[in-house]
Amino acid sequence: KNTKVFYISEEDREASIVEAARILKEGGTVAFPTETVYGLGADALNEKAVLQIFEAKGRPADNPLIVHVDSKESCLKLVRSIPDKASLLMDKFWPGPLTLIMERKPIVPDVTTGGLDTVAVRMPENLIALELIKRSGIPIAAPSANLSGKPSPTTAEHVLCDLSGRIDALIDGGEVSIGLESTVVDMTSEIPAILRPGKISKEELEECIGEVKVAYDDKVHPESETVRSPGMKYTHYSPESSVILVEGEHEHVVSRIKELIVDLSLRNAKIGLLLTEESHNNFSEYLSYSMGKKDKPEQAAKNLFFGLRYLDERNIDIIIVDGSFRPDGIGMAVFNRIRKAADMIIKV
Ligand code: TXA
Ligand code: MG
């Protein structure tokens, strides 16, 4: 395929989105920015179109997709009914980084839901994404626009790096604003359950609808286990290099990383460091990337996937991650993604 790239500028913004919407309506694949990460879209109700997403990403067929809509009303086309608590969450957090799982209507094909009787739905906040959905007039299935197993893309360059030639088009809308995927909540159980942490925290959800369960953990589950979200079985966000995460108080983490570097250098391993702003000075002679201030986990959220890709491109053997930033708010989701990517976790 010859992947067509639309650069969004003020003058031709509308023409580009109209053209991209046409490609989607005709059953093609278009990558586009959302506020969380770039998504790879196709008509959610067109089996053939959705299959192209799986093919382009190399995604296992039982891992279901999120369907993107432009309003609460258009969500009604996809689900049997909107539970009261889901309705409250939509009013409060849509458009935004929150995905809700509800019972599907038969119109949603098996390929989109991985054969499940439920469907995941989200209304994104990014204006390009919203306009693309509106213009196409269809619900758009869109997983993150990376090759399966790679970190999710936060820039158009990342998308091209993974999918150039494998998809019909890409809308380049610049860097995303959040950098981590949406919070996923299963609304089909008596007590709603978080299947994937994201910017919208358990506390924020509970403030809106009362008790919410945590149904994810930070491990990658083996094929044999039964899990609520098929995505939990697959290695995520995993770069080519091995990843060592060092968690704890800042000074302890810094001294432990120093020890690790000595050890690993003796074994001739090529090392890259994913650091906090505070630890950056301690390691100026090494290849490193700063994720941001340790008290500002939203900076780490925005820079984590970028940093993993930056280091991974430099052919290093081992990435050491400074895990001394605050684990509250979106920090919980940052730790979830790094722990899933990590081959080894050291607590100091
Ligand atoms: O922020 C996001 O959510 C991005 C942007 C593009 O919207 N999308 C995204 O999609 O991260 P994806 O496919 O990479 O992750 C979707 C997750 C997977 O872990 C999948 O297993 C889970 O949602 N999921 C989807 N439908 C589900 C369902 N019916 N039941 C349980 N889990 C579901
Ligand atoms: Mg993904």
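## Two sites in a predicted model

Glu247, Gly248, Glu249, His250, Glu251, Lys294, Gly323, Ser324, Phe325, Pro327, Phe335 and Arg339 line the second largest pocket. On a 1 Å grid over the protein atoms alone, a pocket is an open set of points where a 1.4 Å probe fits, with protein on both sides within 12 Å along at least five of seven lines, and lining residues have an atom within 4 Å of a point. This is a predicted model, where local features need pLDDT of at least 70 and side-chain atom pairs count only at pLDDT 80 or more, while totals for chains, interfaces and linings use all residues. Residues are numbered from 1 along each chain as its sequence is written, chains are lettered from A and ligands numbered from 1 in the order written, and side-chain values use heavy atoms, with hydrogens and water left out.

The second largest pocket holds about 160 Å³ of space, a volume filled by probe spheres set on grid points joined across faces, edges and corners. Helix H9 (250-266) and helix H12 (331-341) each bring at least two residues to that lining; helices here are DSSP runs of H or I with at least four residues, and strands are E runs of at least two, numbered from the N terminus.

Now for ligand 1. Its shell has 25 residues, with Thr36, Arg59, Asn63, His68 and Ser182 coming nearest; to count, a residue needs a heavy atom within 4 Å.

| Side chain | Distance to an oxygen atom of ligand 1 |
|---|---|
| Arginine 59 | 2.8 Å |
| Arginine 122 | 3.1 Å |
| Serine 144 | 3.1 Å |

Taken alone, ligand 1 exposes 690 Å², and the protein buries 96% of that, going by Shrake-Rupley areas with a 1.4 Å probe. Strand S4 (66-68), strand S6 (118-122) and strand S10 (193-196) each give two or more residues to the shell, and S6 gives the most, with 3 residues.

By class, the ligand 1 shell splits into 11 nonpolar, 9 polar and 5 charged residues, while the second largest pocket's lining has 3 nonpolar, 4 polar and 5 charged. Nonpolar means Ala, Val, Leu, Ile, Met, Phe, Trp, Tyr, Cys and Pro, charged means Asp, Glu, Lys and Arg, and the others, Gly among them, are polar.

Two backbone spots deserve a look. The peptide bond from tryptophan 94 to proline 95 is cis, with omega near -5 degrees, and proline 95 sits in the loop between helix H4 (84-93) and strand S5 (98-103). Asparagine 268, in the loop between H9 and strand S13 (271-275), has a positive phi near 60 degrees.

Definitions and conventions: Polar contact = N/O pair within 3.5 Å; in protein donor to acceptor, adjacent residues only side chain to side chain.
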